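Dear colleague,

Please find the structure below, handed over for your reference.

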Amino acid sequence: MTTLVVGIAMYLEGMAVSTWVMGAGGLITAWFVFGWFRDVVTEGVKGLYSDQVDRSLRWGMIWFIFSEIMFFAAFFGALFYARTLSVPWLSGEDAATSRMLWDSMALDWPTAGPANAGMEWQPMSAWPLPTINTMILLTSGMTLTVAHHALKAGNRAKLIGFMWATVLLGMIFIGLQGYEYYEAYAHLNLRMDTGIYGSTFFMLTGFHGMHVVIGTLMLLVITLRCMKGHFQPESHFGFEGAAWYWHFVDVVWLGLYIFVYIL
Amino acid sequence: MAAALIAAPASADFSLLNMTQGVTESSRDIYGLHMTIFTITVVIGVGVFGAMFYSIFRHRKSRGVEPSKFHHSTTMEIVWTVIPLVILVAMAVPATQVLIDLDDTTNSEMTVEVTGYQWFWGYKYKGEDVQFLSRLDTDSDRARRLDSGIQPASVDNYLQNVDQRLVLPVDTRVRFQITGADVIHSWWMPDLGWKKDAIPGYVNEMWTEIEEPGVYRGRCAELCGRDHGFMPVVVEALPKAEFDEWLANRQAGGTGMTADSDETPETDGELAAR
Amino acid sequence: MASSPPGNENQTGETVEMTATTYDHAAHEGEPTGFKRWLVTTNHKDIGSMYLLFSLAMFLLGGAMALVIRAELFQPGLQIVDPYFFNQMTTMHALVMIFGAVMPAFTGLANWMIPLMVGAPDMALPRMNNWSFWLLPFGFAVLLSTLFMPGGGPAGGWTMYPPLMLQTGTAFPFVIFAIHVLGISSIMGSINVIATILNMRAPGMSLMKMPLFVWTWLITAYLMIAVMPVLAGAVTMLLTDQYFGTTFFSAAGGGDPVLYQHIFWFFGHPEVYILILPAFGIISTIIPTFARKPLFGYSSMVYATASIAFLSFIVWAHHMFTVGMPLAGELFFMYSTMLIAVPTGVKVFNWVSTMWRGAMTFEAPMLFALAFVFLFTIGGFSGLMLAIAPADFQYHDTYFVVAHFHYVLVTGAVFAILAAAYYWMPKWTGHMYSERLAQWHFWMSVIFVNVLFFPQHFLGLAGMPRRIPDYSVQFADWNMVSSIGGFGFGFAQLIFVWLLIKCIRGGQQAEAKAWEGASGLEWDVPSPAPHHTFDTPPVVR
Ligand code: HEA
Ligand code: HEA
Ligand code: CUA
Ligand SMILES: [Cu+2]
């Protein structure tokens, strides 16, 4: 993993060997993660797990998700700060700043900031894509729950069917999100450097998108494991962990939908 | 080494042990707050440490004491939650008053814009058509180079002198509007009781009313890169009449230097070139 | 095979019934040996030892950097280093000390002691444990390597404020990713601690029976999981501001450099309590042992710790009184900060009451603990002075602040770690350390540390800013004193290194219960603690 980040850093600094280092780092990381989970899975399947280990894994997952929430909190914090403090200050609430440095320019959210005043661009509207995406994610949350009930009820066919549905919805979400970015860059002139709006928009949705990708991969693995019959109706922590993660990604999206797109 | 330990305090001037009282009402208020809190903590400290050392000397095993077994007392715990709380409230009241007073930048008679650059200051007298830059004087600048071979002590006001001082009138309510041009700096003048960050893209305000003429020295107080240690602030406070003279001279294109400043001024041409 | 007899009576506190059998698996077949053993180990004691040794190495390194700083400041004028390199030293010194020395030391102690204290066979997630440790040396390799890059290492202070931080050279992305890696390591470490404490306690050990060290760590772990990601978020935004044109921290695009400071200190303030709460736990363990008297006010200690943790989330802007916040903000952060004195005071008073009418002896752990109570409180008092916003307009960014935080960090956190090291060294190595060397170490440390940091109060009040390589001549005397103290304190630490090596290699055999007044499950297993302990949990009544 260290190799991976060194590689990315070298890439950012434009160093020649960076791609190789990055690639190697990615592989090493993947190998470690894979090895680790393989061991856990093997032990799980062998039924070596006592209730206690099961509970430890649960606590582990819960606190991991909590840490992710706080990661998002930093970016949401930036959004709230910009909207309620810095932009109003720049546009006149703080008289000295606005008059002395920014020619008393009025700014309204969404804004690209005083220095980009002449720039032509449009914010992302909540309709249609983001709303559709919201529906998709909410639906995926439901299909996942159905799958979970099926698992508990021992209904394998239903379980696997609904799992695939969930994975598929996740992938559609990612696809649509990619399309949205394409739209933003190609037609709206909305880019990462479109001032504070562009910054917060891409940071929040991008970071979320990354989590959807991870979540989808997790669900995919879980689906494959369901097909292999790794889970029992009474004990299926792997399944639940992935499901919690997915619901968390869902809830973050709702926050995004409200604060980034609608308000 | 022992000699240095003893010599240092002996040679140290008492004013170098404590905060300056400064030359404005605010700086004296702040000094007052500082001394009040300091005294309170010393008193609490004497109490707490007194009890601790008493216990260390009396309740030691080598004196053959038997340890007692008590391990809690709700009364005591309430007492030492409530008493500190009361003390804190008592401290917060004057602090709040001073803070409210400092915050009010209205009713000023003149305004100076201060801009922090890497690594010097820019001053502009608002509405007076006077502006200039103020940087470390050449003597200090030469002496401060790595291995310059010049003894800092041999330089007059080493690192505390500038080429052009900020000249202000006494007994006048002056407002400062502070900003930064590149990175964050902080304009600090201990004798005025103020330190305010100079933030690029934003303006911070503060005010002062100097009571005594004199030359006051401060420095940049926010890490701003390589030469952060070398961007002093010097304020020269003049009686009102002299200040007006200075300002008029400056506006007429003169250097506006007062008799007691020995530095070479930077020309406005150089300033415009920036 | 060593086994302790059942029904082992615990001298003080609660009675512990040992149904546990402890095995010595050191020669257990199938376990790798040599380097491989350390690389892949999932044993909490091995990992704990690795953390502790890593931390010691980093302490020496960070201390060496501090000595570069102190050597340059010995006299006015620049003699040794260039100002830019000086700034790199300041930045790195802080990062190495905080993330490399103090945090790993606490994690190491947690790894070693928490399973022993709660009667668990190991940490809850042993494989993750191995990961969390090994990320550290790699993260630091990246971080330290930046010093040798074109343009040098980070030089914007450990707080890394933009826009200054954006002027860093090639090192920039490496620093940020190093922080990410260190953050991941701490988060994983903390998750493990929480899972262990919540889930692995021996039957009968209710939460309110846990040793205070365990309690303080539980709360610390919670703080870490809450704030390390926030730091990661802050530096991620720095990264995108630099490379992808975002404007989080630039007014031109509608952002604000001060936004970074808010996010940073939302992490940074809880972080300083991360650096002190486990220390409180250690002190609360050691004082009762050597006063031979139960801890005064156990439950109020727990509540005080929790209140400190809670308050730590709402005081962050006291580091930013001079950035020009609105009045209401200044007032709010001033009041909330002052409030922290109350629960901290409860702790100090409880420690003193624990000593009161005890029967004290003064071995090295106790000496360090007493010095902690005294000197940390002085640091707390100066913290309270800093909390008074108008006064902070004068104190901010001066050596007064430097003095404040070294009192809480060095004579606080570091002294507590040293106390813990002496206290549990017999358990780790099986040998008693040399009390004579330890007394030397203590007295040298406690004298020189005050010579080092006390004069910095004066320097700050007289107007010397922090983070400067050179100063005007009126500050010369006290700087010289401080530097002398710095070198003295540094060399005193070498005594500790020597003592530690001696103790690992041999010495008087330690008993299972190395201290007369000690209590707790860790003293029920033999010294040194066998590789595997509590395979069947002990029962605590
Ligand atoms: C272990 C770390 C640690 C701890 C525990 C503390 C504890 C405290 N700190 Fe400190 N602090 C730092 C580490 C720490 N700090 C660091 C590293 C910085 C600088 C960061 C940087 O800029 O690089 C800093 C900076 C800092 C500042 C900013 C200064 C500035 O830059 O201008 C402030 C301001 O409020 C502050 C306040 C406090 C307070 C009020 C406490 C309180 O928790 C203290 C409470 C304790 C007591 C008060 C003593 C015991 C109490 C009693 C005996 C009860 C009775 C007392 C009374 C009623 C008075 N600290
Ligand atoms: C836990 C944290 C911690 C610890 C333990 C210390 C320990 C010390 N600190 Fe540090 N310090 C900080 C945290 C810490 N500091 C922080 C957060 C800052 C702020 C940075 C910033 O502004 O961004 C700071 C800043 C800081 C400054 C201000 C720099 C500036 O503003 O420019 C100074 C100056 O005196 C200083 C000195 C010291 C000294 C002398 C020690 C001593 O206690 C160190 C003693 C230890 C030794 C000296 C090691 C002993 C080893 C040897 C003697 C042999 C060496 C051999 C080998 C390496 C093989 N520190
Ligand atoms: Cu300008 Cu420091
Ligand atoms: Cu703080």
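**Cavities in the model**

In this predicted model, α5(C) gives the most to the lining of the largest cavity, with 5 residues. The helices that each supply at least two residues of that lining are α3 (83–118), α5 (171–199) and α6 (212–243) of chain C. The volume of the largest cavity is about 120 Å³. Its lining is made up of 13 residues, and the closest to its centre are C:Met103, C:Thr107, C:Leu136, C:Ser185 and C:Ser186. The count of cavities of 30 Å³ or more comes to 6.

**A serine in chain C**

C:Ser382 lies in helix α12 (residues 364–387) of chain C. C:Ser382 is buried, because its relative accessible area of 4% falls under the 20% cut-off. Leaving aside residues up to four places away in sequence, C:Ser382 touches C:Phe400, C:His404 and C:His457.

**A helix in chain A**

Helix α8 of chain A covers residues 237–262, which is 26 residues. At 1.5 Å a residue, α8(A) should span 38 Å, and this agrees with its end C-alpha atoms, which are 36 Å apart. A bend of about 30° occurs in α8(A) at A:Leu256.

**An annotated domain in chain B**

For residues 107–249 of chain B, an unreviewed UniProt entry lists "domain: Cytochrome oxidase subunit II copper A binding". Over residues 107–249, chain B is 11% helix and 41% strand. The end C-alpha atoms of this stretch of chain B are 27 Å apart.

With kind regards

How values were computed
Residues numbered from 1 in each chain as written. Chains lettered and ligands numbered in written order. Predicted model: local features only at pLDDT ≥ 70, side-chain atom pairs only at ≥ 80, totals over all residues. Heavy atoms only, no water. Helix = DSSP H or I, 4+ residues; strand = E, 2+ residues; numbered from the N terminus. Expected span 1.5 Å × (residues − 1). Bend = angle between axes of the 7 residues up to and from the residue. UniProt positions renumbered as here; feature names shortened; annotations may be inferred. Buried < 20%, exposed > 50% of the residue type's maximum accessible area, 1.4 Å probe, protein only. Contact = heavy atoms within 4.5 Å. 1 Å grid on protein atoms, 1.4 Å probe; cavity = no way out; pocket = protein on both sides within 12 Å on 5 of 7 lines; lining within 4 Å. Points joined across faces, edges and corners; volume = space filled by probe spheres on them.
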